[in-house]
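Please read them with the structure open.

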Amino acid sequence: MLQEDDRKAHQIALDHIEASLLNGVYQVGAKLPPERDLARELGVSRGAVREAIRILQAQGILESRPGPGRGTRIIAGHTEALGRLFRLHLALSPTSASDLTDTRVALERSTVALASRHWDDEALNRLGTLVDRMDRETTLDQFNALDTDFHVEIALTAHNPFIGDLTSAIRQAVRAPIRDASLAVDGWQTLRTTLCQQHRAIFNAIESRNGDEAATLMEAHIRTAYRALKLGI
């Protein structure tokens, strides 16, 4: 367990690295100075620097690779870290499912409208393939995985990294609750058919570059699914 002085020391190192990120001193792909150099510069122990690095690794901001010339680098892995944060929030807060529903609606209305404007042939083909696969898939786990991929792919197609990261993280966070709720639904195959029809309609609106229609359809889709699954509505 960290002693009080150790906590203060690792916070000094953490604050320094975060400030350097915010000030643009460190950018994605940049390598941090060696631990011993950072420790000497900040007047703390290497253990304090190492603890700060572990915290930022858990947040998906840093990646350390052993070996000569590799070291610790800034990465853009924050979507996974956000997903973990939202999963913890769901587990700890009894009202978070409802909050995340409204947040999902707001975000995915935005992402699907943006995707309708920004798709290219490659992105549209990926979305179309996912819709086709969902039409054919009748097993719950595989369908749930494809459903998650569909919403994440729309977020990626939106070409707005911040909104896309939030949307992807929330959808990943609710993947397990959606699966568990689906297991409890009577007539899940009937619900699956409805969801497939809605996915197809959303895809068609994206393909037509009709962002307003796509946004309306996306909100109806999320609320229909959550009512049927008794999640956050």
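This is a predicted model: local features need pLDDT of at least 70, side-chain atom pairs count only at pLDDT 80 or more; totals for chains, interfaces and linings use all residues.

1. Local features are described where pLDDT is at least 70.

2. The cavity. How many cavities of 30 Å³ or more are there? The count is 1. The largest cavity holds about 150 Å³ of space.

3. What surrounds the cavity. The lining of the largest cavity has 17 residues. Nearest its centre lie Asp147, Arg171, Ile178, Leu195 and Leu229. By class, the lining splits into 10 nonpolar, 4 polar and 3 charged residues.

4. Which helices supply the lining? At least two residues each come from α7 (140-157), α9 (175-183), α10 (188-207) and α11 (211-229).

5. Helices α6 and α10. The crossing of α6 past α10 is left-handed.

6. The α6 and α10 contact. On the α6 side it is made by Leu124, Leu127, Gly128, Val131, Asp132, Met134 and Asp135. On the α10 side it is made by Arg192, Cys196, His199, Arg200, Phe203, Ile206 and Glu207. The contact of α6 with α10 has 7 nonpolar, 2 polar and 5 charged residues.

7. Helices α8 and α9. Arg171, Gln172 and Ala173 of α8 meet Arg175, Ala176, Pro177 and Ile178 of α9. By class, this contact has 4 nonpolar, 1 polar and 2 charged residues. Check Arg171 and Ile178 on screen: both belong to this contact, and both are among the residues that lie nearest the centre of the largest cavity.

8. Helices α2 and α3. Are α2 and α3 roughly parallel or roughly perpendicular to each other? Helix α2 (residues 35-42) and helix α3 (residues 46-58) cross at roughly 110 degrees, and their axes come within 8 Å. Angles of 65 to 115 degrees count as roughly perpendicular, so that is the class of this pair. The crossing of α2 and α3 is right-handed.

9. The α2 and α3 contact. Glu35, Arg36, Leu38 and Ala39 of α2 meet Arg46, Val49, Arg50 and Ile53 of α3. The contact of α2 with α3 divides into 4 nonpolar, no polar and 4 charged residues.

Notes
Residues are numbered from 1 along each chain as its sequence is written. Side-chain values use heavy atoms; hydrogens and water are left out. On a 1 Å grid over the protein atoms alone, a cavity is a set of points where a 1.4 Å probe fits but cannot get out, and a pocket is an open set with protein on both sides within 12 Å along at least five of seven lines; lining residues have an atom within 4 Å of a point. Grid points are joined across faces, edges and corners, and a volume is the space filled by probe spheres set on the points. Helices (H or I, at least four residues) and strands (E, at least two) are DSSP runs, numbered from the N terminus. Ala, Val, Leu, Ile, Met, Phe, Trp, Tyr, Cys and Pro count as nonpolar, Asp, Glu, Lys and Arg as charged, and the others, Gly among them, as polar. A crossing is left-handed if the near helix is turned anticlockwise from the far one by less than a right angle, and right-handed if clockwise. Contact means heavy atoms within 4.5 Å. Axes are lines fitted to C-alpha atoms, for helices over the stretch in contact, and angles run from 0 to 180 degrees between N-to-C directions. Angles under 35 degrees count as roughly parallel, over 145 as roughly antiparallel, 65 to 115 as roughly perpendicular and the rest as oblique.
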